[in-house]
Amino acid sequence: METRKTIIITGANSGLGFSCAMNIAKTSPQYQIVLACRDLTKAEQAKEHIVQETGNQHILPMVLDLSSLQ
């Protein structure tokens, strides 16, 4: 069983978060990257773009709304 370090990036579907996720996916393919976003559809789209550009398959979209206390 392979163990990977995991990096969670908030707001990863656009802007600085997306750029960070893309850069890490390119330079550190051994890491698992969690794209934590409010909108799962946008997170899935970001994942597909990152996988297509980098070939890194260790990208996981996740719903995370930090404005909600629930």
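Modeller: A residue is called exposed when its relative accessible area is over 50%, and buried when that area is under 20%. The structure discussed here is a predicted model.

Biologist: Why does Gln-52 count as exposed?

Modeller: Gln-52 has 66% relative accessibility. The cut-off for exposed is over 50%, and Gln-52 therefore counts as exposed. Gln-52 lies in helix H2.

Biologist: Which residues are in contact with Ala-43, leaving aside its neighbours within four places in sequence?

Modeller: Ala-43 is in contact with Asn-13, Leu-35, Cys-37 and Pro-61. The C-alpha atoms of Ala-43 and Phe-18 are separated by 9.6 Å, and these two residues are 25 residues apart along the chain.

Biologist: Ser-28 is in the loop between H1 and E2. What makes Ser-28 count as buried?

Modeller: Ser-28 has 14% relative accessibility. With the cut-off for buried at under 20%, Ser-28 therefore counts as buried. Asn-56, at 28 residues from Ser-28 in sequence, is 9.0 Å from Ser-28 in space, C-alpha to C-alpha.

Biologist: Why is Ile-50 called buried, and what does Ile-50 touch?

Modeller: The relative accessible area of Ile-50 is 0%. Since buried means under 20%, Ile-50 is therefore buried. Ile-50 is found in helix H2. Not counting residues up to four places away in sequence, Ile-50 touches Phe-18, Ala-21, Met-22, Ala-25, Leu-35, Gly-55 and Ile-59. The C-alpha atoms of Ile-50 and Met-22 are separated by 5.8 Å, although the two are 28 residues apart along the chain.

Biologist: How are two packed helices described, and what values do H1 and H2 give?

Modeller: Two packed helices are described by the angle between their axes and the distance between the axes. The axes of helix H1 (residues 15-27) and helix H2 (residues 40-54) come within 10 Å and cross at roughly 35°. The crossing of H1 past H2 is right-handed. On the side of H1, Phe-18, Ala-21, Met-22, Ala-25 and Lys-26 make the contact, while H2 supplies Ala-46, His-49, Ile-50, Glu-53 and Thr-54. By class, six residues of this contact are nonpolar, two are polar and two are charged.

Biologist: Which members of the largest nonpolar core touch the most other members?

Modeller: The core has 15 residues, and Ile-9, Ala-21, Ile-33, Leu-35, Ile-50 and Ile-59 touch the most other members. H1, strand E2 (32-37) and H2 each give two or more residues to this core. H1 gives the most, with five residues. As for Ile-33, its contacts are Ile-7, Ile-9, Ala-21, Ile-24, Ala-25, His-58, Ile-59 and Leu-60, not counting residues up to four places away in sequence.

Biologist: How do you know that the radius of gyration agrees with a compact globule?

Modeller: A compact globule of 70 residues would have a radius of gyration near 11 Å, and the protein has 12 Å, which agrees. Along its principal axes the C-alpha trace spans about 35 × 25 × 20 Å. Of the 70 residues, 29% count as buried.

Biologist: Which pattern does the protein follow along the sequence, and how many helices and strands has the protein?

Modeller: The protein has two helices and three strands, and the pattern read along the sequence is β-α-β-α-β. Among contacts between residues at least 6 apart in sequence, 69% join residues at least 24 apart.

Note on methods
Residues are numbered from 1 along each chain as its sequence is written. This is a predicted model: local features need pLDDT of at least 70, side-chain atom pairs count only at pLDDT 80 or more; totals for chains, interfaces and linings use all residues. Side-chain values use heavy atoms; hydrogens and water are left out. Axes are lines fitted to C-alpha atoms, for helices over the stretch in contact, and angles run from 0 to 180 degrees between N-to-C directions. Helices (H or I, at least four residues) and strands (E, at least two) are DSSP runs, numbered from the N terminus. A crossing is left-handed if the near helix is turned anticlockwise from the far one by less than a right angle, and right-handed if clockwise. Contact means heavy atoms within 4.5 Å. Ala, Val, Leu, Ile, Met, Phe, Trp, Tyr, Cys and Pro count as nonpolar, Asp, Glu, Lys and Arg as charged, and the others, Gly among them, as polar. A nonpolar core is a set of buried Ala, Val, Leu, Ile, Met, Phe, Trp, Tyr and Cys residues joined through side-chain atoms within 4.5 Å. Buried means under 20% relative accessible area, exposed over 50%, partly exposed in between (1.4 Å probe, protein chains only). The radius of gyration is taken over C-alpha atoms; the globule rule is 2.2 Å times the number of residues to the power 0.38.
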